[in-house]
Amino acid sequence: MSGGPLSDEERLNWLILSRSENVGPVTFKSLIKRFQTASAALRALPDLTRKGGLNRAPRIWSREAAERAMANAERIGARFLCSMEPDYPLMLREADTAPPLICIKGDETLLARSGVAIVGARNASALARKFSRQLAREIGGEGHVIISGLARGIDTAAHDAALDTGTIAVVAGGLDVVYPPENAGLHAAIGERGLVVSEQVPGTEPKADLFPRRNRIISGLSRALIVVEAALRSGSLITARFAAEQGRDVFAVPGSPLDPRCEGTNRLIRDGATLLMSSRDVLETMGSGGPRQISVFESDPPPPSLRQPDAADMRHLLELLSPNPIDIDDLARESGFDAATISALLLELSLAGRITRHADGSVSLA
């Protein structure tokens, strides 16, 4: 189903669908696979949510708000890119939780290049910042794009050192909202010489819950992730977890056990991350292979069921679900339903907000 650029009308409908109630990335992909277009999926939402048990109309994002977001993106020199369009980054597209749309501004050709993420502490030591700059210059000099989150500390050092070779900043808020304020100059420079990426619409303030969502994009865009300094409870370790789940190589720079800023990186190494001493460690591991050309939309949909699921099927499935996550394959075996029936029922329950989909693909009652 991946193909050429979408029409302006269909791209608008993608934005509306992606921001409607209970439509997360996994549910979005299920809807597109089933209905082929966002416009058809939007027409089906009221019936699907009713079957899932929602006793009111679903909250669908307004067309006026979507048109305003599109206009604001154009005003700041940005545009929305949908995950089935050819320019959407391949490494991110293969992630289960890839955002249906990203808003981008700057040099779009960077999305086609191999990327290495460098992240770490906001209150990083001077030595860690110096080492991050060295890594960014040397890895960037070998043709890889440096990716980070435009935060204080390690992120800032990595972006600044890679401006000449190529850098992508993934931000938690809208592309027109500068955070932190002291990075206004760097933000503008990356928008002109590099690329700024967000899954949020322009004008969105970077609230706390948006940063973990940003972190999965940082790792999703990258072939490898480097953590330079990180406390035990930090966003950098969240990014490392996403990277491991997405099958990326995770590297960590060792540090003094007496420095709290190194506890997280030392723990990563203890738990299996590759110890990094120089850029050579990353470059040798990556070799010359580029990202695989995979599309989450290219896989065939489940074979059609012999009949449409009914209310009795829904009751049976709900009896098998609990607050504890269960793998979908196990759920299919226990229920006796074929893949198409399970897919249809879980889609309806997702849209009604009655189940939670977990990062490992399992589901549980919400």
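Predicted model: local features only at pLDDT ≥ 70, side-chain atom pairs only at ≥ 80, totals over all residues.
The Glu21–Arg56 pair links distant parts of the chain. Glu21 sits in the loop between α1 (8-18) and α2 (25-35), while Arg56 sits in the loop between α3 (38-52) and α4 (63-75). That puts the two residues 35 apart in the chain. Is each partner buried or exposed? Glu21 has a relative accessibility of 16%, so Glu21 counts as buried. Arg56 is at 37%, and therefore counts as partly exposed.

How many salt bridges does the structure hold? The count is 19. I will go through two further pairs and one network.

The next pair is Arg63 with Glu67, where the closest N and O atoms are 3.1 Å apart. Here both residues lie in helix α4. They are 4 residues apart, which is about one turn of the helix. Arg63 has 34% relative accessibility and counts as partly exposed. Glu67, at 38%, also counts as partly exposed.

Then there is Glu199 with Arg213, whose side chains meet in a salt bridge at 3.4 Å, N to O. On accessibility, Glu199 is at 14% and counts as buried. Arg213 is partly exposed, with a relative accessible area of 38%.

Now the network. Which residues are linked in it? They are Asp8, Arg11 and Glu85, joined by salt bridges.

That leaves the cavities. With a threshold of 30 Å³ or more, the model has 2 cavities. The largest cavity holds about 90 Å³ of space. It is lined by 16 residues, and the closest to its centre are Val171, Ala172, Tyr179, Pro206 and Phe211. What is the make-up of that lining in nonpolar, polar and charged residues? The lining of the largest cavity divides into 10 nonpolar, 4 polar and 2 charged residues.

Key:
Residues numbered from 1 in each chain as written. Heavy atoms only, no water. 1 Å grid on protein atoms, 1.4 Å probe; cavity = no way out; pocket = protein on both sides within 12 Å on 5 of 7 lines; lining within 4 Å. Points joined across faces, edges and corners; volume = space filled by probe spheres on them. Nonpolar A, V, L, I, M, F, W, Y, C, P; charged D, E, K, R; others polar. Salt bridge = Lys/Arg side-chain N within 4 Å of Asp/Glu carboxyl O. Buried < 20%, exposed > 50% of the residue type's maximum accessible area, 1.4 Å probe, protein only.
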